[in-house]
Amino acid sequence: MLDKTRLLLVDDHAVVREGYRRLLESRPDLTIVGEAATAREAFEQYRLLAPDVLVLDLGLPDMGGVELIRRLVQRDAGVRILVFTMHREPIFATQALRAGALGYVTKSSPPEVMVGAVYQVAARRQVISPDIAPDLAFALLEPSGGAAEELSPREFEILRLLLDGCSAEDIGTRLFITAKTVQNCHYQIKAKLGVRSDIELTRAAIRLGLI
């Protein structure tokens with residue numbers, strides 16, 4: 001009997017999940033064991049189902065994907081995560097990989113790239129989709145990218161939520177931390193990016209492709 005690789009799909013759009021469920025289940029050695037639309041559902045499904053590979057979108061409505069990766073790795077150092085996302089900016093890829101994802105594939109990639117990446121991650125190998133690999137390599141060589149690289153996965157998620165207009169209280173509720181911790185991280189983020197005000201922070205975020 002064929003041993004199938006068991007997958008958990010995490011994306012807040014049901015239509016998108018259905019699309020790549022059909023694509024992945026067209027392969028006889030892959031099977032979808034669960035789906036989740038939020039980070040909380042994903043965490044619970046991972047705990048209950050213990051899938052071989054978790055295919056994850058970064059744009060979730062509650063907790064961001066980078067923070068979810070960090071928490072899953074904290075729970076299980078052997079978790080295998082493939083990020084499947086619309087974000088092409090190098091900072092998203094570097095943050096996801098630093099948090100513990102093994103693969104990063106954009107949704108603009110051909111279907112065979114996504115399927116191939118699932119097999120690579122299942123084999124515990126790192127993979128980057130070819131469409132962003134040159135930009136990612138260039139960004140890693142850029143001296144100006146260094147400050148952003150110093151942001152921890154949690155600081156990156158807090159920055160992303162601040163840019164979405166969330167208050168410290170809202171962010172604290174989403175990430176299960178206090179508003180005071182959020183405010184302290186806000187200060188650290190500005191210090192690491194070398195900016196003094198929220199206006200300068202917004203300009204820095206634009207340069208990084210976060211807005």
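This is a predicted model: local features need pLDDT of at least 70, side-chain atom pairs count only at pLDDT 80 or more; totals for chains, interfaces and linings use all residues.
## Helix H2 and its end

An α-helix has 3.6 residues a turn, so residues three or four places apart point the same way.

Thr38 sits in the loop between S2 and H2. Its side chain reaches the backbone nitrogen of Glu41 at 3.1 Å. Beyond its neighbours within four places in sequence, Thr38 is in contact with Val10, Leu60, Pro61 and Asp62.

## Arg17 in helix H1

Helix H1 (residues 14-25) contains Arg17. The relative accessibility of Arg17 is 12%, under the 20% limit, so Arg17 counts as buried.

The side chains of Arg17 and Glu35 are joined by a polar contact of 2.7 Å. Not counting residues up to four places away in sequence, Arg17 touches Leu9, Asp11, Asp12, Glu35, Ala36 and Ala37.

## Ile132 between S6 and H6

Ile132 belongs to the loop between strand S6 (127-128) and helix H6 (133-141). With a relative accessibility of 2%, Ile132 also counts as buried. Apart from neighbours within four places in sequence, the residues in contact with Ile132 are Arg88, Ala93, Tyr104 and Thr106.

From Ile132 to Ala168 the separation is 36 residues in sequence and 33 Å in space, taken from C-alpha to C-alpha. Ala168 is one of the residues of H9 that meet H10.

## Packing of H9 and H10

Two packed helices are described by the angle between their axes and the distance between the axes. For helix H9 (residues 168-175) and helix H10 (residues 179-193), the angle is about 110 degrees and the axes are 8 Å apart. An angle of 65 to 115 degrees counts as roughly perpendicular, and H9 is therefore roughly perpendicular to H10.

On the H9 side the contact involves Ala168, Glu169, Ile171 and Gly172, which meet Ala179, Val182 and Gln183 of H10. Sorted by class, the contact of H9 with H10 comprises four nonpolar, two polar and one charged residues.

Note on methods: Residues are numbered from 1 along each chain as its sequence is written. Side-chain values use heavy atoms; hydrogens and water are left out. Axes are lines fitted to C-alpha atoms, for helices over the stretch in contact, and angles run from 0 to 180 degrees between N-to-C directions. Helices (H or I, at least four residues) and strands (E, at least two) are DSSP runs, numbered from the N terminus. Angles under 35 degrees count as roughly parallel, over 145 as roughly antiparallel, 65 to 115 as roughly perpendicular and the rest as oblique. Contact means heavy atoms within 4.5 Å. Ala, Val, Leu, Ile, Met, Phe, Trp, Tyr, Cys and Pro count as nonpolar, Asp, Glu, Lys and Arg as charged, and the others, Gly among them, as polar. Buried means under 20% relative accessible area, exposed over 50%, partly exposed in between (1.4 Å probe, protein chains only). A polar contact is a pair of N or O atoms within 3.5 Å; within protein, one must be able to donate a hydrogen and the other to accept it, and residues adjacent in sequence count only if both atoms are side-chain atoms.
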